[in-house]
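The following note comments on a predicted model.

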Amino acid sequence: YNADSQKHAAGWSHLVADVQGSTTAPVKINQDCNIYAATATAPLDMMINSGRQAYLLCIDGTAQIGAGAASQTMKKHDALKVWGETQLKVAPEGNVHLLLLEMNMQ
């Protein structure tokens, strides 16, 4: 996989997707799951749709994470889960590396 480092630095990189989906993710799996990675110094957001859930892992760095009315600080090795229709907002404090797994709630 030859990642586009400029695209990755600008936001979420869609790395893994369901083989039945129409995305251009480089890796396809036989599961209803999407995996994204980001390296960011600027704010990011990700919409989690109704009937979906997401697990967010902070690989390195620190960020303020907002999900609906809730907010918390994540630092290296912290993780959280969000579900249902939620706008996930990430405000990095410096450089942050994140991994997000998004899937069906069923």
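1. The predicted model contains an open sheet of four strands, which are arranged in the order β4-β9-β6-β7 and pair in the antiparallel sense. From one strand to the next, the twist averages 20°.

2. The edges of this sheet are formed by β4 (44-48) and β7 (70-75). Each of these has a single partner strand, and therefore one side of β4 and one side of β7 are left without a neighbour in the sheet.

3. Strands β6 and β9 deserve a separate remark. Residues 62-67 make up β6 and residues 86-92 make up β9, and the two strands are joined by five bridges in an antiparallel pairing. Within this part of the sheet, Ala67 lies opposite Leu88 of β9.

4. How many disulfides does the model contain? The count is zero, with a disulfide taken as a pair of cysteine sulfur atoms within 2.5 Å. Cys33 takes part in no disulfide, and the nearest cysteine sulfur to it belongs to Cys58, at 19 Å.

5. Are Cys33 and Cys58 buried or exposed? Cys33 has a relative accessible area of 11% and is therefore buried, the cut-off being under 20%. Cys58 is also counted as buried, because its relative accessibility is 0%.

Technical notes
Residues numbered from 1 in each chain as written. Predicted model: local features only at pLDDT ≥ 70, side-chain atom pairs only at ≥ 80, totals over all residues. Heavy atoms only, no water. Buried < 20%, exposed > 50% of the residue type's maximum accessible area, 1.4 Å probe, protein only. Pairing = 2+ DSSP bridges. Axes fitted to C-alpha atoms, helices over the stretch in contact; angles between N-to-C directions.
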